[in-house]
Amino acid sequence: MQAEPTKSPVSLVGEEYEVEIGPVAHGGHCIARTAEGQVLFVRHALPGERVVARVTEGEEGARFLRADAVRILNPSKDRIEAPCPFAGPGRCGGCDWQHAKPGAQRRLKADVIAEQLQRLAGLTPEEAGWDGTVVPAEGDKLPAGEVPQWRTRVQYAVDASTGKAGLRRHRSHEVEPIDHCMIAAAGVSELGIEKRDWTGMESVEAIAATGSQDRQVVLTPRPGARLPLVELDRPVSVLRVDEKSGGVHRVHGRPFVRERADGRTYRVGGGGFWQVHPKAADTLVTAVMQGLLPRKGEMALDLYCGVGLFAGALADRLGEQGAVLGIESGKRAVEDARHNLADFPRVRIEQGKVESVLPRTGITEVDLIVLDPPRAGAGRKTVAHLSGLGARRIAYVACDPAALARDLGYFREGGYRVRTLRAFDLFPMTHHVECVAVLEPVAKGA
Ligand SMILES: C[S@@+](CC[C@H](N)C(=O)[O-])C[C@H]1O[C@@H](n2cnc3c(N)ncnc32)[C@H](O)[C@@H]1O
């Protein structure tokens, strides 16, 4: 018997549908349905608009299609002309909400948080102790059409054929050539990365520290390529990512930048993690400390501690009798955290994954916990472990509201309730948003 030839699914890319745009969804798009009932995730649209949506990904019968709004038939009152000349369907994928007024962007983010909390944690804003708003960073409340220059770290992709640095298109490896990124911090723009020839490089990350004049570029060469001579408009240190090991090595200058937050200087080496918005580190430290209200002599955990931002802030407030244990998986970040917090004899930093290191520490009781996991969240097992440590308060710093909502559900299973939740617009023009949830044991809150 001959096998039936398998039918390849019929691609719908390029098809156009006139649709009514429904609510915003997590990820920088809105939901619509074709007349046949197929779900579309539409970028460059706003709720309530009538648009022509052109499919960018998906096939017949798929659970959903991705599309771009290519013609706006009935614009929302929240719509503006995108201030950035590189934004729009098929163009730079860095920003999602260039076409929305700043206040509307924050309302869209608030709607996403509310929806995730409800669906994944069964929480209303009131139950989460949240006023339902997303707060702009200090100085970012600008009139429509003006854009905050907030990105202190920009990862440029290099076009292989031209050697020019640009930004990646949405869900694509293609490079959108740009001559300036509007959301880049002044310190990044001043480097003039877009004007140089980066032939042989895969990507170039530009870093402008906050609170110091340190500037750095991190080069990722294509296999076998020679490093370019880095001649920029300002002195910078240069690092290089090893193509085989992924390790980061110094080419010239300091192998780190110095960042300032909460009155301290933090060394961040090897292009490692630091909060991107210049106001983020201080904003988050303040929110976490207001939530935890640390007392002298307490014992705290800083999980996913990076170079020690929250551990330092806690150690300062817990005094000589207090103690902090930080856990971080990145080797270089751990070295930096140990260096940054060397003046606190009762701060210890352990290297490894929280899920494996924490059980090994033998710690059975702590007073306070701050956790700031990557986008995936902490997960059920880690949350269950944390819920058993008897902390009187836990501050959860989250860059993904979906992961936050899932983990809040696990914390509830572990006997914790959300006392307050605050949301900050630390990534203007994009769909990203930062939340700080403060939890306490149910028995205490009751
Ligand atoms: C969002 S950053 C937060 C860093 C720090 N709290 C700050 O604000 O600068 C998350 C950190 O978690 C680390 N990380 C990721 N997965 C981890 C894991 N499973 N265990 C421990 N650290 C992890 C990353 O290397 C990164 O430094």
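With 446 residues, a compact globule would have a radius of gyration near 22 Å, and this protein agrees because its value is 23 Å. That radius is taken over C-alpha atoms, and the globule rule is 2.2 Å times the number of residues to the power 0.38. Keep in mind that this is a predicted model: local features need pLDDT of at least 70, side-chain atom pairs count only at pLDDT 80 or more, and totals for chains, interfaces and linings use all residues. Residues are numbered from 1 along each chain as its sequence is written.

The protein comes to nine helices and 23 strands; these are DSSP runs numbered from the N terminus, helices being H or I with at least four residues and strands E with at least two.

Now look at strand β18 (residues 323-328). Six of its six residues are buried, so β18 is largely enclosed by the rest of the structure. Buried means 20 or more other C-beta atoms within 10 Å of a residue's own, exposed means 12 or fewer, and partly exposed is in between, with C-beta atoms placed from the backbone. β18 pairs in the parallel sense with β17 (residues 299-303) over five bridges; strands pair if DSSP finds at least two bridges between them. Five bridges also join β18 to the parallel strand β19 (residues 347-351).

Finally, find Cys399, which UniProt lists for "active site" in an unreviewed entry. UniProt positions use the numbering used here, feature names are shortened, and annotations may be inferred rather than shown by experiment. Cys399 sits in the loop between β21 (393-398) and α8 (401-413). It counts as partly exposed because it has 19 C-beta neighbours inside 10 Å.
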